[in-house]
Amino acid sequence: MSDATVDEDGQEKKKPSKLPMIIGVVLALAGAGGGFFAVQSGLLGGGSDAHAEGSATDAHADQQEHVETAALPNVSFIEVPQVMVSLGPGGHSQHLRFRASLEVPQQYAADVEAILPRVQDVLNSYLRALEARDIEAPGALVRLRGQMLRRVRLVAGEDRIRDLLVLEFVLN
């Protein structure tokens, strides 16, 4: 027989070395740690600009003690009476207790108070039309608040209502 013939049963198969994978993982962790340190210490990511602004702010603080702020808007807050709504079957909760306040420009406060029963009727009608799944859904309060604000603005006038503040929204 010739020398080219090799018995494969007698040879051990070598497993591939894990050393390159281990070196790769160690280098990746070292790079991530170094990057984190560089960003946190201000070497990367604009940290030096923030530090320069901080020292400039300190210099201005010594020269000027009073900081000018914008005047607060001239608004009034009108309390909407509490609404208690029973929810239909199919939900985990049986009742909704809702209380809100309307943010209105000061010059329209008396006008909005005069139509407060109409505002309460619109809110009550909207809340009673909701199903339990609409109220219990994630992010429902934001969507419901926007819908109620839109309805109140339709009743009172677009420029008379600045915002609707939800003070109480309790499901039980």
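Q: What is the confidence of the protein chain, and what share of its residues reach 70 or more?
A: This is a predicted model. The mean pLDDT of the protein chain is 82. A pLDDT of 70 or more is reached by 80% of the residues.

Q: Which elements have the lowest and the highest mean pLDDT?
A: Helix 2 (residues 47–63) has the lowest, at 52. Helix 3 (residues 109–114) has the highest, at 94.

Q: What makes up the secondary structure of the protein chain, and in which order do the elements run?
A: The count is 6 helices and 3 strands. From the N terminus the order is α-α-β-β-α-α-α-α-β.

Q: How do you know that the span of helix 1 agrees with its number of residues?
A: Helix 1 covers residues 19–41, which is 23 residues. The expected span is 1.5 Å times one less than the number of residues. That gives 33 Å, and the end C-alpha atoms are 33 Å apart, so the two agree.

Q: Why is Glu103 called buried?
A: Buried means under 20% relative accessible area. Glu103 has 13%, so Glu103 is buried. The residue lies in strand 2 (residues 95–105).

Q: What does Glu103 contact, leaving aside neighbours within four places in sequence?
A: Glu103 is in contact with Val75, Ser76 and Phe77, and also with Ile161, Arg162 and Asp163.

Q: Why does Ser101 count as buried?
A: The relative accessible area of Ser101 is 6%. The cut-off is under 20%. Ser101 therefore counts as buried. Ser101 is also found in strand 2.

Q: Which residues touch Ser101, not counting those up to four places away in sequence?
A: Phe77, Ile78, Glu79 and Val80 touch Ser101. So do Asp163, Leu164, Leu165 and Leu167. Ser101 and Phe77 are 24 residues apart along the chain, yet their C-alpha atoms are separated by 6.2 Å.

Q: Why is His95 called partly exposed?
A: Partly exposed lies between the buried limit of 20% and the exposed limit of 50%. His95 is at 31% relative accessibility, so His95 counts as partly exposed. The place of His95 is strand 2.

Q: What does His95 touch beyond residues up to four places away in sequence?
A: His95 touches Met84, Val85, Ser86 and Leu87, as well as Val170, Leu171 and Asn172. Val85 is 10 residues from His95 along the chain, with 5.6 Å between the C-alpha atoms.

Q: What makes Ala114 exposed?
A: Exposed means over 50% relative accessible area. Ala114 has 61%, so Ala114 is exposed. Ala114 is found in helix 3. Its C-alpha atom is 9.9 Å from that of Ala156, 42 residues apart along the chain.

Q: Why is Leu116 called buried?
A: Leu116 has a relative accessible area of 15%. Buried is under 20%. Leu116 is therefore buried. Leu116 sits in helix 4.

Q: Which residues does Leu116 touch, not counting residues up to four places away in sequence?
A: Leu116 touches Ile78, Glu79, Val80, Pro81 and Leu102. Leu116 and Pro81 are 35 residues apart in sequence and 9.0 Å apart, C-alpha to C-alpha.

Q: At what angle do helix 4 and helix 6 pack, and how far apart are their axes?
A: Helix 4 (residues 116–129) and helix 6 (residues 140–156) pack at about 145°. Their axes are 10 Å apart. The crossing is right-handed.

Q: Which residues meet where helix 4 contacts helix 6?
A: Helix 4 brings Arg118, Val119, Val122, Leu123, Tyr126 and Leu127. Helix 6 brings Leu144, Gln147, Met148, Arg151, Val152 and Val155. These contact residues divide into 9 nonpolar, 1 polar and 2 charged.

Q: What share of the residues in the protein chain is buried?
A: Buried residues make up 24% of the 172 residues.

Q: What share of the contacts with a separation of 6 or more comes from residues 24 or more positions apart?
A: Such residues account for 67% of those contacts in the protein chain.

Key:
Residues are numbered from 1 along each chain as its sequence is written. This is a predicted model: local features need pLDDT of at least 70, side-chain atom pairs count only at pLDDT 80 or more; totals for chains, interfaces and linings use all residues. Side-chain values use heavy atoms; hydrogens and water are left out. Helices (H or I, at least four residues) and strands (E, at least two) are DSSP runs, numbered from the N terminus. Buried means under 20% relative accessible area, exposed over 50%, partly exposed in between (1.4 Å probe, protein chains only). Contact means heavy atoms within 4.5 Å. Axes are lines fitted to C-alpha atoms, for helices over the stretch in contact, and angles run from 0 to 180 degrees between N-to-C directions. A crossing is left-handed if the near helix is turned anticlockwise from the far one by less than a right angle, and right-handed if clockwise. Ala, Val, Leu, Ile, Met, Phe, Trp, Tyr, Cys and Pro count as nonpolar, Asp, Glu, Lys and Arg as charged, and the others, Gly among them, as polar. pLDDT is the predictor's confidence in each residue, from 0 to 100.
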